[in-house]
Amino acid sequence: MTILTSSTTVKGRLLEAAGGFGLCVQSEVRPYSYVSVEGAVTGVRPADQDTDTRPLARRYLGETGGDDYTDNVRQGPNLMVYSMRPERWYTVDYSKIDLPGVT
């Protein structure tokens, strides 16, 4: 798992200090479900525009929008890729549990 952020932001400084991070993805639609993961930072490297930034921009903005964004927004020199190997997973999916009154 990876996170892209500047090493000079609060998030970047906290990642450096803590040496690990957690992520959570949840559904706000009933029945509620989530997955969270925690682990130690296993690597830090400078972000590359074509292998890190462009694919992420394309994912959210489409190919043309992602390319326009990547080509026109300056990538700062402190943009880093923080990698993490998951050590702990937690998950709940209430659609798998038969609870009266929960749909």
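Visitor: Which strands does helix H1 lie across?
Guide: Helix H1, residues 10–18, lies across E1, E2, E3 and E4, and runs at about 125° to E1. Helices (H or I, at least four residues) and strands (E, at least two) are DSSP runs, numbered from the N terminus. The angle, on a scale from 0 to 180 degrees, is taken between N-to-C directions of axes, which are lines fitted to C-alpha atoms, for helices over the stretch in contact. Contact, or touching, means heavy atoms within 4.5 Å.

Visitor: What kind of model is this?
Guide: This is a predicted model, where local features need pLDDT of at least 70 and side-chain atom pairs count only at pLDDT 80 or more, while totals for chains, interfaces and linings use all residues. Residues are numbered from 1 along each chain as its sequence is written, and side-chain values use heavy atoms, with hydrogens and water left out.

Visitor: What pLDDT does the protein chain average?
Guide: The average is 90, and 96% of the residues score at least 70. pLDDT is the predictor's confidence in each residue, from 0 to 100. Confidence is lowest in E1, with a mean of 92, and highest in E3, at 95.

Visitor: Back to the strands. What's their order in the sheet?
Guide: The order is E1-E4-E3-E2, in an open sheet of 4 strands with antiparallel pairing. Strand E1 (2–6) and strand E2 (20–27) are at the edges with a single partner strand each, so one side of each has no neighbour in the sheet. From one strand to the next, the twist averages 35°. Two strands count as paired if DSSP finds at least two bridges between them.

Visitor: How many bridges join E3 to E4?
Guide: There are 13, between strand E3 (residues 33–46) and strand E4 (residues 79–93), which run antiparallel. Opposite Tyr-82 in E4 you'll find Val-44.

Visitor: And how many for E2 and E3?
Guide: That antiparallel pair has 8 bridges. E2 and E3 form a hairpin, with 5 residues between them. Ser-27 stands opposite Ser-33 in E3.

Visitor: Which residues are in the largest nonpolar core?
Guide: That core has 7 residues: Ile-3, Leu-15, Phe-21, Val-37, Met-80, Tyr-82 and Met-84. E4 supplies the largest share of this core, 3 residues. A nonpolar core is a set of buried Ala, Val, Leu, Ile, Met, Phe, Trp, Tyr and Cys residues joined through side-chain atoms within 4.5 Å.

Visitor: Is Tyr-82 buried or exposed?
Guide: Tyr-82 is buried, at a relative accessible area of 0%. Buried means under 20%, exposed over 50%, and partly exposed in between (1.4 Å probe, protein chains only).

Visitor: What does the side chain of Tyr-82 make a polar contact with?
Guide: Its partner is the side chain of Glu-16, at 3.2 Å. A polar contact is a pair of N or O atoms within 3.5 Å; within protein, one must be able to donate a hydrogen and the other to accept it, and residues adjacent in sequence count only if both atoms are side-chain atoms.

Visitor: Where is Phe-21 found?
Guide: Phe-21 sits in strand E2 and is buried, with a relative accessible area of 10%. Leaving aside neighbours within four places in sequence, the contacts of Phe-21 include Ile-3, Leu-15, Tyr-82 and Met-84.

Visitor: New topic: where's Arg-54?
Guide: Arg-54 is in helix H2 (residues 49–72). Arg-54 is buried, at 12% relative accessible area. Neighbours within four places in sequence aside, Arg-54 is in contact with Gln-49, Asp-67, Thr-70 and Asp-71.
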